[in-house]
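Okay, thanks for coming, everyone. Let me put the structure up so we can walk through a sheet and the cores.

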Amino acid sequence: MLSPYIVLDLTDERGELGPMLLADMGADVIRVEPPGGSTARQRGPMLDNAHSLQFAAYNRNKRSIVLDPDKAADTQTLADLIQRADFLFTSAPQSPALVYGIDFAEAKAINPHIIYIQISPFGSTGPYADYAANDLVVAAMGGPVALQGMVGRPPVRVSVHQVWRHAGAEAAAGAMVALHRRQHSNAAQFVDVSAQAVMTWTTLNAMSAHAIQGFNFERAGSTVNTARMRAEIQHPTADGYVIALPYSKVICGCLPHMIDAGLAPASYLDVDWEAYDLNAPEPDAKPVNLAQGTELCRSYFAKHSKQELFELGLEKDMTIAPVNTLPELLALDHMQIREYWHTIDLANHQVKAPGLWAKLSSDALSIRQPAPGLNQHEHEVRALTSQPTTPDSPRDSDQLPFAGIKVADFSWVGVGPISAKYLADHGADVIRIESANRPDVLRGNGPFKDNEPGIDRSQFFGDFNTSKSSLALDLKSAEGIELAVKLISTSDVFIESFAPGAIKRMGLTYEKVSALNPGLIMVSTCLMGQTGPAKALAGYGYHAAAIAGFYEITGWPDAEPSGPWVAYTDTIAPRFVSTLLGAALDHRRRTGEGCFIDLAQIEAALHFLSPELMDLQAQGTQYTRMGNRDRYAAPQGCYPCAAPRDGNDATPDHWCAIAIDTDEQWQTLCQTMGLDNLAQDPGLSTNKQRQAAHEEIDQAIAQWTRSRTPRQVMETLQAANVPAGIVQRSSDLLQDPQYAHRDFYRYFEHPEMGRIPYTGHQYTISGYQNGPRGPAPALGQHSFEVLSQIMGLSDEEIANAYASGAVN
C-alpha cells in the first residue's frame, strides 16, 4: 500500500510505533541509529537484562543502519538518505535527529519535498514547549488522569505507559494528511505532534465539557457518566469482575436465570423494561429504578464466573465483558481463531505478539521481518542512497488534503465517526447518515449545552462529527436502502460500524457495493471484528477495554480495577483507521484500486500492551494496577495541592503530578523542596531504593505541595527542570496557555447550541491552519442539500423520498 515510500525513523522510545504502522503498510522504514544504538533499545521491559521488548514490539518491518554523527562520510550518507526519503520521524526534546544537526529547516534544505514529523510532549513552540515531561506528566496535563481513579484517593493514570504509544499512532495519521497535502503543493511539510493534545482526545466527552455544560466531569471509579446520570458498569463476579451496562438488554437476557435462582420475582417478566431504560436518570422510577436494576445484576453476576457470563452474553445477544488479566487475554479463543497473534523468537524465547491490526481484501498489510539487529542492513541501505527519486507532480496547492473525496459515513458512536471526521476536517465531503427513528446514541449523552438534554445539544456527538453534513435516512425501509446504495455507489469511502451481519441484512456488503463502485474503500469496524466466535459482541469501548486488559491495569493494587475513562479503545482505534484510510486513498490515487478493511477495535488496541504481553510470556512478569507508581523510576505520583485563589473552583480536589526519572532529577527535587535529609540519605540514592521507600517519600512531597497551588508546584519544579504538571480538568484545558498558543479549541456557531468550542487537532502542519472546518450538524440538517447537490436527485425524486419516509 505504501511501498513507493521511504521513511527515516529517528525517534527514540517516544513515538516509534508511528513509523512501524507505515512499515506494516509496505513503506521502507529505515531506523537511523548512532553508534551503540538508539536509546529505544534500552527501554524496558528488558528480556534477560539485554533485549528491549518495547523495541522488539514497535520496530518490526524496519531496517537498521548505524551512522556516526562525528564522521563526515556518515553525515553525508544521512543527507543522501534524506534526499531520497519521503518521511522523517523524530522525537523531541533531545531529538535524535538533532544529534546529526537535522531539524526541519535543514531537512527541507536537503530535500524540499520532505515530510518531517516531530513528536514532543507539548509541541515545538509555546509556553510549555521546553517543559520536562514524561508519561505521567503528559497524561496529567492532557486530562485523562483527573478522570480516573477512586473518590478519596489521588487520580491515576493507566499503569502501563500509554502516552508515547498514542502519540506515535497519531503521528502516523498526521503523516498521511501531510502526504496528501504534499501531493497538492509538492512542498515540504512539518507535522508538529503534541502528546498533550493526543491525551486530551482520550477524555472523549470531557474534552470541552466545562464550556458546554458549566461543570467538569469528575472521577468516580468504573462508572459511565453521561451528565444526565452515572451508571455503575463494573460488577464483582465469583472470580473477578465484568463490565456490563445494567440496562434492559442485560437484565432481560439474565432474567429467566435470575428468577430460577430466586434473585428476582416472576412479576419482573411483566415489567416494561424499555421504560426502565428511558427512566434510568430518575432515582424514584417505578417499579424498578437504576440502583435496583444494578443490584439485581450484581446479585446474579456474583454467583458466576467471568467466562460463564461472557458466554451467556454471546448466547443471548447481550454484552457482558470480562475484566481480563493479560494471561486471560492471551487465552481468548476468539483471537486464536482470527489468527491475530504473530509468533516471534526472542533470545531463545518464543512468544505471541500482537499481529496485523486490520484485515484487508488484499495483502496490503504484512509482517515481513522482526525488529532489526543494530546496523543489520548497513550495506543495502547505503546502496539505496545512490538510487534516484522522482517527486510527485504538484496539483493545486490551495486545496485541502482530502478535497474532492466523498465519504458515506454510516458509522455511529466513537471509532467510525472520529475516523470519518479525520477526512472531513481535512477537506472531504462527509455525509453522516442517521435516522430520526434511530439517531446516534451519543446525541442522548452529555455534555449537553447548558446541561439541558436535546437531540441537537450534545457535544459528545459534536466533537466527533465536525465538518460533516447530515442526511436523515430510514435504513429500515426499501426506499432508504435504495438511496443508501445510490450514495455509496458514487462515494470514495464507505464507513460503517454496525454489529457484524447488519450490513448483509441491508444488502450493503462489500461484494455488492464494490460491484457498483470498484474503486470504493470500505471500512467495517466493530469491537471484535467481522469474524470469530465473539464477532457478535455489540458494545462500546469500555467493553473492549475490559476484554483487552486495560481495566485490570488501571487503579490501585489494594482495590478493585478503576478503568480508563469511558470508552478507552474508542480513543485508540481511530488512530489506526485514520492512518489506514489515508494510505488507502493514496494507494487508490496511484492504482485505482479500492479495498475492504475489517478493523477490530480490540486488535488495534492490543498494540498498546504489546511489550507487556511479550514480557509476561517470556519472563512471567505480571502486570496489574499500581496507582501512579512506575516500574523503573521513583518517586512518581499525583500530590495534593491548595485550591487556586481565583475563587472559581470550590472543589478541594487539586493535584499536581510529579514524576522523577533520574537520580539527578531526584536530587534537584529535594533541593527545590528543601528536603535535604532525603537528598543526603544514601538509602534513597537509586530508583530501586526510592521505590522501596515510596510511601515515606510521598508523605514528604505532599507536605510541601499542600501549601501551594498546582500551578505554583508545576512552575517551581519546571524552573528546576523537574518533570511536573497540573492534573488538568476540562476547565483547565480550556484556559491552558499552551492550547491558546496552538489555537487548539476552535469556536463555531451551532444552529441550536450557539457559539461553542470544538476540540482541535493533535498536530499542526506548517502553513496550514488545520482543525475542524465547521460545527457538527443538527440531525438531518443537510438532507435536502445532500439529495439535490451531492446525489443529484431531481425535485420529483426528492419529493418522493420525503413522502415515503425514506428521508426523515
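So, in what order do the three strands of this open sheet come? The order is E23-E24-E25, with antiparallel pairing. Quick housekeeping: this is a predicted model, where local features need pLDDT of at least 70, side-chain atom pairs count only at pLDDT 80 or more, and totals for chains, interfaces and linings use all residues. Residues are numbered from 1 along each chain as its sequence is written, and side-chain values use heavy atoms, with hydrogens and water left out.

Helices (H or I, at least four residues) and strands (E, at least two) are DSSP runs numbered from the N terminus, and two strands pair if DSSP finds at least two bridges between them. At the edges sit E23 (636–640) and E25 (724–726), each pairing on one side only. E23 and E24 (residues 655–659) are joined by five bridges, and Gly637 stands opposite Ile658 in E24.

Now, the helices on this sheet. H29 (residues 694–705) packs there, touching E23 and E24; contact means heavy atoms within 4.5 Å. H30 (residues 710–719) touches E24 and E25.

On to the cores, meaning buried Ala, Val, Leu, Ile, Met, Phe, Trp, Tyr and Cys residues joined through side-chain atoms within 4.5 Å, with buried being under 20% relative accessible area (1.4 Å probe, protein chains only). The largest nonpolar core has 213 residues, and Phe576 is among those with the most contacts inside it. Helix H7 (residues 163–185) gives the most, 12 residues. A second, separate core of 31 residues includes Ile431 and Met506.

Methods
Axes fitted to C-alpha atoms, helices over the stretch in contact; angles between N-to-C directions. Buried < 20%, exposed > 50% of the residue type's maximum accessible area, 1.4 Å probe, protein only.
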